[in-house]
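Visitor: I have a structure open and would like to talk it through. Can we start with the charged side chains?

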Amino acid sequence: MVPQSLAALYALLGLVAPGLVFQRLRERDLPPPESGPFREVARIVLSSLVFTWMSVMLLALASSLTPKLWVDLASWVEQGNGYLRDHFWLVVWSATVEVVLACLIAFGASRVLLAGWVSRLGARFGAGGSRETPVLNTT
């Protein structure tokens, strides 16, 4: 599948970017799970779907509070290309904010998961969460 337009390329990259951010950050901090290319692609696609859905829900809430700042999907569906032509920069703005927000959510999720993983690992090996420095008794 090769995108046939700049908008299709932007949509493809926008849908894949959150999953790539999440998976690359996790792989940087944690040992990567042993799997084949199909599982890696599936992890990226599924995590992208989750983070994109979360950002769309947040933008739906923002749209209900400040409707003039966001695309009106009902009008776009009703008017088709006429809406896109008349509100081009609003569409670009909304799509860009959605992708950036999804990537920020992916970044936050990777940090939260890393913090949980590190604390479990510390508890497993007896760190106990104490940050006290042991004092060496020299007497």
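**Salt bridges and the fold**

Guide: This is a predicted model. Arg24 and Glu27 are three residues apart in helix H1, which means that about one helical turn separates them.

Visitor: What do the side chains of Arg24 and Glu27 form?

Guide: The two side chains meet in a salt bridge, at 2.6 Å from N to O. Side chains of opposite charge can pair when their charged atoms come close.

Visitor: How accessible is Arg24, and how accessible is Glu27?

Guide: Arg24 has a relative accessible area of 39% and is partly exposed. Glu27 also counts as partly exposed, at 26%.

Visitor: How many salt bridges does the structure hold?

Guide: Two. Glu40 and Arg24 also meet through their side chains in a salt bridge, at 3.1 Å from N to O. Glu40 lies in helix H2 and Arg24 in helix H1, so this pair ties together parts that are 16 residues apart in sequence. Glu40 is partly exposed, with a relative accessible area of 27%.

Visitor: New topic. How many helices and strands does the chain have?

Guide: It has five helices and zero strands. Of its 139 residues, 22% count as buried.

Visitor: And where is confidence lowest and highest among the helices?

Guide: Helix H1, residues 6-29, is lowest at a mean pLDDT of 82, and helix H2, residues 37-65, is highest at 91. Over residues 129-135 the pLDDT is below 50, and that stretch has zero contacts in the model beyond near neighbours in sequence.

Methods. Residues are numbered from 1 along each chain as its sequence is written. This is a predicted model: local features need pLDDT of at least 70, side-chain atom pairs count only at pLDDT 80 or more; totals for chains, interfaces and linings use all residues. Side-chain values use heavy atoms; hydrogens and water are left out. pLDDT is the predictor's confidence in each residue, from 0 to 100. Helices (H or I, at least four residues) and strands (E, at least two) are DSSP runs, numbered from the N terminus. Contact means heavy atoms within 4.5 Å. Buried means under 20% relative accessible area, exposed over 50%, partly exposed in between (1.4 Å probe, protein chains only). A salt bridge is a side-chain nitrogen of Lys or Arg within 4 Å of a carboxyl oxygen of Asp or Glu.
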